[in-house]
Amino acid sequence: MSVPGHTLDRMFNPKTVAVIGDKGPNYMWLRNNQPFKDQGGNLYSVQIDEKEIPGIEELGIENFRALTDIPEPVDYAIVAVPRHVSPYVMKDLIEANVGGAAFFTSGFAETGEELGVNLQAQLTEMAREADFNVVGPNCMGLYLPRVGVRFNPDVPVAEDGRVGFVSQSGTHSIMFSLVMGANGMHLSRCASFGNAIVLDISDYLEYLTEDPETEVIAMYVEGVKDGPRFVKALRAATARKPVVVWKGGQTDAGARATMSHTGSLASPHAVWSGIMRQCGAISTNSLDETVDVAKVLLDAKPSTGRRMALMAMTGGQSVSITDAFVGQGFEVGRLSEQSYEELSSFFNIVGGSYQNPLDMAGTVQGKREVLERILAILDADESVDALVMEQSAMFGARQWKDHPERIDDLVDTLAGHAEQSVKPFLMVMHPAHEEAFVSEVRLKFAERRIPVFASFERAAAAAARALPRGTRS
Amino acid sequence: MTFTETIDRARGESRTLLSEVEAKGALAEAGVPVTATSLAQTREEAAAQAEAISYPVALKVVSPNVAHKSDVGGVVLGLESHEEVAEGYDEIIRSVQAAQPSAIIEGVSVQEMASPGVEVIVGVTTDPQFGPVMMFGLGGIMVEVLGDVAFRLAPLGEGDARDMIDEIQGRQVLDGVRGQPPVDVGAIEAMLDQVSQFAAEHPEVAELDLNPVIASPEGAIAVDARIVLAEA
């Protein structure tokens, strides 16, 4: 799927990719993009250094001595040449009518030194004049999981990406991709845009807004160059799909002289968060918060209601889960009389409770039909807007390791409930002493589209941000 | 004097800070409720102007180079009669001259006093990246110590004013605490919308403070106003 006619469509949906200037011994960019070739894409190298060429050919990748020698139209190019060569490469990219190019090459304006600043100005002028799509420079470029174009050897190749990510930082774009993958979520498209000499955050945002594969847009932003354009693009995006904006650093406002009280109170952070709310975007402050919010947006039903039914396995956990959700402004109130009547007919109140929160291990005892019954009662209760269940690995891991079918059965029960319910359902599974085991178990939940969180606090914070979807309507 | 004329005059005098009388005049022209305020240059003018407003009235020094009026004895509140106003006028002139001999005194403003209510602050500032931005907050300690304020881009869209008010941590103060009646939140919303429109229509306004605005069950009215113009 693509956005026909969009100026960025060729580079975001490449059939031919050229890597310019990759070097041994690692040939990082050619190796990163091997999956693109394996899936039938045309992956070529451009390298004039004779001693590098044998290593490239050993990888089974055809090398050309000039970009303009490649027989097919190149849709996306990755440029990894020394900075002083970059203007010559730019000339060829323009001449060959390449769809777009990411400059991994760095050493430009970010250095603050004259040579770098001048080189960047030269590249900018050349590209702007030719209306050429430049990603970066000083960036990791594009990550297109479906076609196997990658900026790192560990980020997944995946058909089912639903989150588009735009990042001012290369590191954050890689780490976000990896952590999302470890949580069973994949990206649709990702752009790390570095110095943004031509294409800027709003260009990528506009493309992802149109992109049918992208259901949720997430961004890492430190500052924007064109505020009004960004606001316009963001408003247009949030009208179509949820947008999460992870803000890093403090926008440099300089030492602004102010003669007003209002001016002295207008910290960049306060102004930014007001604008995000006004635009209908969800604000986050960290990678983990952004991943957590993505889970809710992708897989929980939306709700503006704040009345939670909390299901815990033990007394201590039922107190802590309540603290976390109340702390985020949710209500944990009484269930309906009918619910209490039904629950009282079978609930084991010795060492348990069917008040809200529910303390239910002694009642459920691993029995699927009992858990289903409790879920059905809470689902039907009109004083409940959303359900959250906790099952810590503290007690669970041992039996799930001995009886793997039990975790599958639990996931199946919960997924069966969540699929038919209109109410959000969230799962909290603290890894306790079983980090490695839980990292596998949580993928089972993700596969069945159950948002699962490592702590009550993270679940509650993500729910507060994302259950209302951040939209104003 | 229209706002355009006020701007021209201030710029002609190389000023970016408008006087309270000028700022309130501009806001009143834009439909923003402000306490009736006029400039008196003699004790007789002050007394006559007070008669036209209902008592009690407040007097404040009007000076382009006095930053904090009350620090130099430039404010007298709660005057109940013609005589008290005339005496108050003399007292202000004397105190300010004594406290700050360099003060350029243009006169004294005679002002209607708002009935009691909750103090809030409405403001505009210009963000270097995003342009004019609106601010709302509760006055006094909430804004000074806690920075409990909300920002939005101007002009405000539908529902933005209400969202700003609801975003404040101390929001419930507006609903009435300790037996106080709830204030007219709709009037604050209307004021935010009017000020945002004013800011959007006048890019010359770099900063604006309505501080305090007194919100009460009867409405919201700006008691003090400050406008800073952008450098021409």
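Okay, let's start with one residue pair: A:M311 stands opposite A:M389 in strand β15 of chain A. Before I go on, this is a predicted model, where local features need pLDDT of at least 70 and side-chain atom pairs count only at pLDDT 80 or more, while totals for chains, interfaces and linings use all residues. Residues are numbered from 1 along each chain as its sequence is written, and chains are lettered from A and ligands numbered from 1 in the order in which they are written.

So, back to that pair.

Is β15(A) buried or exposed? It's mostly covered, with 5 of its 5 residues buried. Buried here means 20 or more other C-beta atoms within 10 Å of the residue's own, exposed means 12 or fewer, partly exposed is in between, and C-beta atoms are placed from the backbone. Both faces are covered: A:A386, A:V388 and A:E390 on one side, A:L387 and A:M389 on the other.

A:V388 turns up again in the largest nonpolar core. Of its 203 residues, A:V388, B:V195 and B:V213 touch the most other members. A nonpolar core is a set of buried Ala, Val, Leu, Ile, Met, Phe, Trp, Tyr and Cys residues joined through C-beta atoms within 7 Å. Leaving out residues up to four places away in sequence, B:V195 touches B:V32, B:V122, B:V124, B:M134, B:L208 and B:L210. There's also a second, separate core of 20 residues, including B:A40 and B:V96.

Now let's step back to chain A as a whole. It has 20 helices and 17 strands, and its C-alpha atoms fill a box of roughly 80 × 65 × 40 Å along the principal axes. Of its 473 residues, 49% are buried. It's divided into domain 1 (9–135), domain 2 (141–299) and domain 3 (308–466); those bounds come from an automatic or database domain assignment. The C-alpha centres of domains 1 and 3 of chain A lie 50 Å apart.

Another sheet in chain A is worth a look. It's open, with 6 strands in the order β7-β9-β8-β10-β11-β12 and mixed pairing.

Last, chain B. Its domain assignment gives domain 1 (36–112) and domain 2 (118–229), with 27 Å between their C-alpha centres. How many residues does each chain give to the contact? Chain B gives 28 and chain A gives 21, where contact means C-beta atoms, placed from the backbone, within 7 Å. Elements giving two or more residues on the chain B side include β5 (118–127) and α6 (160–167) of chain B.

Methods. Pairing = 2+ DSSP bridges. Helix = DSSP H or I, 4+ residues; strand = E, 2+ residues; numbered from the N terminus. Contact = placed C-beta atoms within 7 Å.
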